[in-house]
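Here is a friendly walk through one protein chain. Keep the viewer open as you read, and turn the model as each part comes up.

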Amino acid sequence: MSDQNQPLNASAPSNPGAVLLQARTALGLSREQLAERLHMRPHQIEALECHEQERWPEAVFTIAQVRRLAAALGLDAEPVVEAFRADLSQQTNEASPAAKAVFQLGRSEPTAQAKREEGQRNWLQEGKKDNTPKASPVRFQRPSWLVPSIGVVALLAIGGVAISRNLPALQGQLAAIPKLWPKTPAKPSADAAVAATPKPQPRTLELSLSEPVWMSVRQLAGQKQLFEGLMQPGPHSFPLGTGVQVLAGRPDLVMAHIGDQPPKALGSIETIQWVTFKPPVAAGSATDPNAG
């Protein structure tokens, strides 16, 4: 039925659905548009708006439809629902005991289960009788192995709790038992082995000249002369032994070092004296101005 051909009772003062009709019209919605939004049938909205009680479903579903329509139209749902409930209550007073029981179920509606069921009715099948014979419920037969299995699981759970409670005491008893086998000494790591290996000591004194310099090199023990004269530029090596002494005419042009020590000049240009070098194990390099 179109919105233009409204029944006479649509605007009657006793019609609680007039509020829904006015709100829908104010929003510029047709019944078809509103029904599509709410997944309802247009004739269901028309029955509620026009107070056609003979076309209403059971009380609990009627209240659910009214609540959904009021919420969709931006109305306070509770006053509208109460108006429909009052109308349904008057109708129920003249109904059979079975109908009264259904209505009372609708009044206890604000439960989670009732709200979930509101909108689940298949309105496409409304008015059709289901003549399909219902199958008898299938009875579940408990397997014979279920009870023993439950017992085993319970025993395992109890045993696990007992072990967890006595675990500290068991650990203490195990710690008190003497070891029956000797501990295997841990093998030294590769880094420890490398660190323990004695580092070879340098055996030579390295001299490097940038220009020709008059030089004299001798052993510390016995004063044996190793070199004396004009030494040419470049690197020169001398056996370190127990020590070596060096004298240069230009100490500032001679760089000397032992092993991986950084090279250092023999001295300043004004300081011409014997410089003594000894192996690092005995002592570091040192000057000996009183030598020779």
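Which residues of α1 are buried? They are Ala-18, Leu-20, Leu-21, Ala-23 and Arg-24. An α-helix has 3.6 residues a turn, so residues three or four places apart point the same way. Just after α1, Gly-28 takes a positive phi of about 70°.

**The model and its confidence**

Please keep in mind that this is a predicted model. The mean pLDDT of the protein chain is 74, and 55% of its residues reach 70 or more. Among the elements, helix α1 (residues 18–26) has the highest mean pLDDT, at 94, while helix α7 (residues 112–117) has the lowest, at 40. Two stretches fall below 50 in pLDDT: residues 108–129, with 25 contacts in the model beyond near neighbours in sequence, and residues 282–292, with 19 such contacts. Where pLDDT is low, the predicted coordinates should not be read in detail.

**The chain as a whole**

The protein chain contains nine helices and nine strands. It has 292 residues, of which 28% count as buried. Its accessible surface comes to about 19,700 Å², and 59% of that belongs to carbon and sulfur atoms. If you take the contacts between residues at least 6 apart in sequence, 57% of them join residues at least 24 apart.

**The helical core and its aromatic pair**

The largest nonpolar core has 22 residues, and those with the most contacts inside it are Leu-20, Leu-34, Leu-69 and Phe-84. Two or more residues come from each of α1, α2 (31–38), α3 (42–49), α4 (59–72) and α5 (77–93). Apart from this core lies another, of 19 residues, including Leu-205, Val-217, Val-254 and Leu-266.

Leaving aside neighbours within four places in sequence, Phe-84 is in contact with Pro-16, Gly-17, Leu-20, Leu-48, Trp-56, Ile-63 and Val-66.

How many aromatic pairs does a search of the whole structure find? The search finds one. The ring centres of Trp-56 and Phe-84 lie 5.4 Å apart with the planes at 45°, so the pair is tilted. This pair links distant parts of the chain, 28 residues apart: Trp-56 sits in the loop between α3 and α4, and Phe-84 in helix α5.

Helix α5 also holds Asp-87. Leaving aside neighbours within four places in sequence, Asp-87 is in contact with Pro-16, His-51, Gln-53 and Trp-56. Is Asp-87 buried or exposed? At 13% relative accessibility, Asp-87 counts as buried, because the cut-off for that class is under 20%.

| Residue | Relative accessible area | Class |
|---|---|---|
| Phe-84 | 0% | buried |
| Trp-56 | 9% | buried |
| Asp-87 | 13% | buried |
| Asp-260 | 64% | exposed |

**The strands**

Strand β1 (residues 204–209) and strand β6 (residues 254–258) pair over five bridges.

The loop between β6 and β7 is the place of Asp-260. Asp-260 is exposed, with a relative accessible area of 64%. Although Asp-260 and Pro-202 are 58 residues apart in sequence, their C-alpha atoms are 8.4 Å apart in space.

Another pairing to visit is that of strand β2 (residues 213–219) and strand β3 (residues 225–231), which is antiparallel and runs over six bridges. Here Arg-218 stands opposite Gln-225 in β3. β2 and β3 form a hairpin with five residues between them, and Gly-222 in the turn has a positive phi of about 85°.

Conventions: Residues numbered from 1 in each chain as written. Predicted model: local features only at pLDDT ≥ 70, side-chain atom pairs only at ≥ 80, totals over all residues. Heavy atoms only, no water. Pairing = 2+ DSSP bridges. Helix = DSSP H or I, 4+ residues; strand = E, 2+ residues; numbered from the N terminus. Buried < 20%, exposed > 50% of the residue type's maximum accessible area, 1.4 Å probe, protein only. Contact = heavy atoms within 4.5 Å. Areas by Shrake-Rupley, 256 points an atom, 1.4 Å probe, with all protein chains shown as cover. pLDDT = per-residue confidence, 0-100. Core = buried A, V, L, I, M, F, W, Y, C linked by side-chain atoms within 4.5 Å. Phe/Tyr/Trp six-rings, centres within 6.5 Å; stacked < 30°, edge-to-face > 60°.
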